[in-house]
Amino acid sequence: VHGDYCSMKKQEKTAKPKPTYFSSGSRPLSNPIVPSDEDGFKGIPSCWFNNSEFNQQFVGSIDYKECADAYFGSYSHFGIHEEMLKDEVRTKSYMNACLYNKEQFKDKIVLDIGCGTGILSIFAAKAGAKHVYGVDNAEIANFARAIIKDNHLEDTITIIKGKMEEIVLPVEKVDIIISEWMGYFLLFESMLDTVLYARDKYLQPDGLLLPDRVCLSMVAIEDSKYKEEKYGFWNNVYDVNMKCIQQIALSEPLVDVVEKKLIISDAFTFFDLDLYTAKITDLAFSNKYELKLSSNETVHALVGWFDAYFSKLENPIKLSTSPYSKYTHWKQTIFYLDKPIVGKKGQSLSGSIAVRKSTTSFRDLDIKISYHYNDSETKADFYQMYKLRQPFIQQWEILSTITII
């Protein structure tokens, strides 16, 4: 409709646009502002930009709002893949798991779940896999096909666009499942559900899972300065009391890099999962923790991270997102206390941590942490509830409902 309308408008004789020499102020411009009379630039705004023509430049669509699931829409953009690929700890861990263990990949059938750009599929092919099937429901799968072709691997790697639970592989079983499924605080985004589904349906009884084991750990930190900047800000915003926002801000864990110098306790592992035997019900858990304080400091937050192990390989690999390790795009997850605890060296902070999928958005997490501390001067017994959710996805969901006319 727009095309026909614009064609008609082109045929109309219009008066030659008059140049403007002055701005709205009194100062003359150094050059005139002249409305365009060029075809494709004149007329009404809907005639200026053709989305179909724009998308034809690329090997795949980048109209993300076509994705019914905002999660897959967010992974259709190249930017998120650039961030992950530039994460050397992440990417090289998978690369080394493949290339340092070629004997275990030789002539094997490999399934790459959530293949993205296809980089893990390529690593597996280079390690000697007989064939690799990369599966992804995001639009990036179209670009993965082009990447595979450009690297002359189309005879070894097949990219399948669709949800793992809905597509059918052209083979009954695979020898290896490789997937970078981990989210913030390990379980955010709930992609592990898909890996467990594929494990049960496609993996050979003696097959390999990469990674095969994951753990969650935590430490306590002193972080008065940043907590005040981040949350104390709401107490006085240009002489306006906005303290009511502070409480909801504290309920959302912060994903950020934690400096080692802030850590004031030993580390405690509160979740350990064997992916060969894990069930989806295991992904909701409520476990105890205990942290021994290493200095006389105030506890402002607990910090969580995960480690992933490729332990069944001849040359095992460990991928760590610990604050003691090199930076990764997962960073760490920080749970700030509403009531900081003044602690003493050698004393213990203990409690429980419960984690489940959100009942309102299954890719988000509901997290509840209790805090118990008791010494001669300080006693604390309380709990806080947190929700780990991704603002970007929430914004995408809102923007995807807007139609520009």
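Student: Which residues does Ile109 touch, not counting residues up to four places away in sequence?

Tutor: This is a predicted model, where local features need pLDDT of at least 70, side-chain atom pairs count only at pLDDT 80 or more, and totals for chains, interfaces and linings use all residues. Residues are numbered from 1 along each chain as its sequence is written, and side-chain values use heavy atoms, with hydrogens and water left out. Contact means heavy atoms within 4.5 Å. On that rule, Ile109 touches Lys130, His131, Tyr133, Val171, Lys173, Val174, Asp175 and Ile176.

Student: Is Ile109 buried or exposed?

Tutor: Buried means under 20% relative accessible area, exposed means over 50%, and partly exposed lies in between (1.4 Å probe, protein chains only). Ile109 has 16% relative accessibility, so Ile109 counts as buried.

Student: How many Å apart in space are Ile109 and Ala124, C-alpha to C-alpha?

Tutor: Look at sequence before space. The two residues are 15 residues apart in sequence. From C-alpha to C-alpha, Ile109 and Ala124 are separated by 9.5 Å.

Student: Which residues of helix H7 are buried?

Tutor: H7 is mostly covered, with 6 of its 8 residues buried. By name, they are Leu120, Ser121, Ile122, Phe123, Ala124 and Ala125.

Student: Are H5 and H7 roughly parallel or roughly antiparallel?

Tutor: Axes are lines fitted to C-alpha atoms, for helices over the stretch in contact, and angles run from 0 to 180 degrees between N-to-C directions. H5 (residues 88-99) packs on H7 (residues 119-126) at about 25°, with the axes 8 Å apart. Under 35 degrees counts as roughly parallel, over 145 as roughly antiparallel, 65 to 115 as roughly perpendicular and the rest as oblique. The angle therefore makes H5 and H7 roughly parallel.

Student: How do the residues of the contact of H5 with H7 divide into nonpolar, polar and charged?

Tutor: H5 brings Thr91, Tyr94, Met95, Cys98 and Leu99, while H7 brings Leu120, Phe123, Ala124 and Lys126. Ala, Val, Leu, Ile, Met, Phe, Trp, Tyr, Cys and Pro count as nonpolar, Asp, Glu, Lys and Arg as charged, and the others, Gly among them, as polar. The contact divides into 7 nonpolar, 1 polar and 1 charged.

Student: Why does Ser93 count as buried?

Tutor: Ser93 is found in helix H5. Leaving aside neighbours within four places in sequence, Ser93 is in contact with Glu88, Ile317, Lys318 and Leu319. Ser93 counts as buried because its relative accessibility is 8%.

Student: What is the relative accessible area of Arg199?

Tutor: Arg199 lies in helix H9 (residues 192-202). Beyond neighbours within four places in sequence, its contacts are Ile177, Leu209, Leu275, Tyr276, Thr277 and Ala278. Arg199 is buried, with a relative accessible area of 11%.

Student: What percentage of the residues of the protein chain count as buried?

Tutor: The protein chain holds 12 helices and 17 strands. It has 405 residues. The buried share is 47%.

Key:
Helix = DSSP H or I, 4+ residues; strand = E, 2+ residues; numbered from the N terminus.
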